[in-house]
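Work through the two exercises below, with the sequence and model at hand. Each task is followed by its solution.

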Amino acid sequence: MASPPHTSKTLKLERYNSYLRRLHSTKVLNASSKLIFRVTLLIALVLILFFTLNYPPLSDKNPNHAHLHHHSFLSAALFTSSAGGDAWEKQVRHSSTPKKPNGLSVLVTGAAGFVGSHCSIALKKRGDGVLGLDNFNSYYDPSLKRARQKLLLKNQVFIVEGDLNDASLLTKLFDVVPFTHILHLAAQAGVRYAMQNPQSYVSSNIAGFVNLLEVAKTANPQPAIVWASSSSVYGLNTQVPFSELDRTDQPASLYAATKKAGEEIAHTYNHIYGLSLTGLRFFTVYGPWGRPDMAYFFFTKDILQGKPIDVYQTQDKKQVARDFTYIDDVVKGCLGALDTAEKSTGSGGKKKGPAQLRVYNLGNTSPVPVGKLVSILEGLLRTKARKHVIKMPRNGDVPYTHANVTLAYRDFGYKPTTDLATGLRKFVKWYVDYYGIQTRVKKDSDINSEHPEESV
């Protein structure tokens, strides 16, 4: 009987061959992975180079796409790696370099806003260097902000599109430009909107302000800072006219509370780090290129469209009154505050001596009932308003504002000169021209003959 075949050598051979196949597969897989990684890296580098050359981050040469770049992860990565690029830095330096001897170099936050755009142009026209910063948010129609941006570009003011809470961006701006001053006007505005989106006020008016101060404190030299507070900080104060020495610890709205918080934060950074800080409490600023959420603006729109307008009364049926302040007067106040701001005393985040800390009212000193505002608009628009008189809701608005501007007059000659009727004429002319409205509004020649000087 034959013995069974011996299979041990065959099994060993098969195992060895299987081991060789697995080893070969592993080597092929590793080689393939390395190849795929290298190809992917090469493609990524090519894409980054392509987008860097064709779509510079933070550039506003193409306004239609700027907001897409601002919110994209790719553009953020590109900014971190390329710091905006040589062309971007050249624009930043050119815009912020003063043309006159001893001129200021000012970073204007909220430069595409109402007050910011007017101040930027005024500074540029007198020979100062101005660089704008704005995030072009959609609180109101961004197309109006883009139109202001075009106006600023015509006046050689470049706006960097970015957010106050972007610390890397702010740090980069200070690395590129040794700003002498900051005019901080960026903020989430509006009293009533705070009931819908409270977080936006905390993010912009508090966190954004702190972020700006954090960067400014470490700058060398530290800039002097003038910033926008608000008449809203007077809140439930009943003593009139409102004085800077009055109580401001009873805010009537979240907006007012964030502005009051800003004043306390300013005190802290002045005390610890030696930053020179000047707060300006604006009183109901109006005029050409204004904000669509303001009463005079949407009253004009609704009256022209034949829509009813809500005219508020106080709970005891008294007329609501505001200290309406024309934009040109406010601009003069802002520039006066900048010109008299003393240098900060800190360096590298360390205080070396006492620094200037100021707060001023910028108002018109003559409150006007809202009913009077409507009457003036009716005359200018030659249209009767459909008024709906209602009691003021509990939404944070205050019934009355009246500014005492004695301090601002004493320290930098602030003296408002534009009455409401004159200012509204200029606003209405701008409004009908900007929106291309053909109505029974007083002709341009009528308005110009009465008040020939126009605001920028």
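Ala, Val, Leu, Ile, Met, Phe, Trp, Tyr, Cys and Pro count as nonpolar, Asp, Glu, Lys and Arg as charged, and the others, Gly among them, as polar. This is a predicted model, where local features need pLDDT of at least 70, side-chain atom pairs count only at pLDDT 80 or more, and totals for chains, interfaces and linings use all residues. Residues are numbered from 1 along each chain as its sequence is written, and side-chain values use heavy atoms, with hydrogens and water left out.

**Exercise 1.** Classify the residues of the lining of the largest cavity as nonpolar, polar or charged.

Step 1. On a 1 Å grid over the protein atoms alone, a cavity is a set of points where a 1.4 Å probe fits but cannot get out; lining residues have an atom within 4 Å of a point.

Step 2. The lining consists of His184, Leu185, Ala186, Ala187, Ser204, Asn205, Phe209, Trp227, Ala228, Thr258, Lys259 and Gly262.

Step 3. These residues divide into 6 nonpolar, 5 polar and 1 charged.

**Exercise 2.** Determine how the rings of Trp289 and Tyr434 are arranged, and whether each residue is buried or partly exposed.

Step 1. Rings of Phe, Tyr and Trp (its six-membered ring) pair if their centres lie within 6.5 Å; planes under 30 degrees apart count as stacked, over 60 as edge-to-face and the rest as tilted.

Step 2. With 5.3 Å centre to centre and 65° between the planes, Trp289 and Tyr434 form an edge-to-face pair.

Step 3. Buried means under 20% relative accessible area, exposed over 50%, partly exposed in between (1.4 Å probe, protein chains only). Trp289, at 13%, is therefore buried, whereas Tyr434, at 30%, is partly exposed.

Notes. 1 Å grid on protein atoms, 1.4 Å probe; cavity = no way out; pocket = protein on both sides within 12 Å on 5 of 7 lines; lining within 4 Å.
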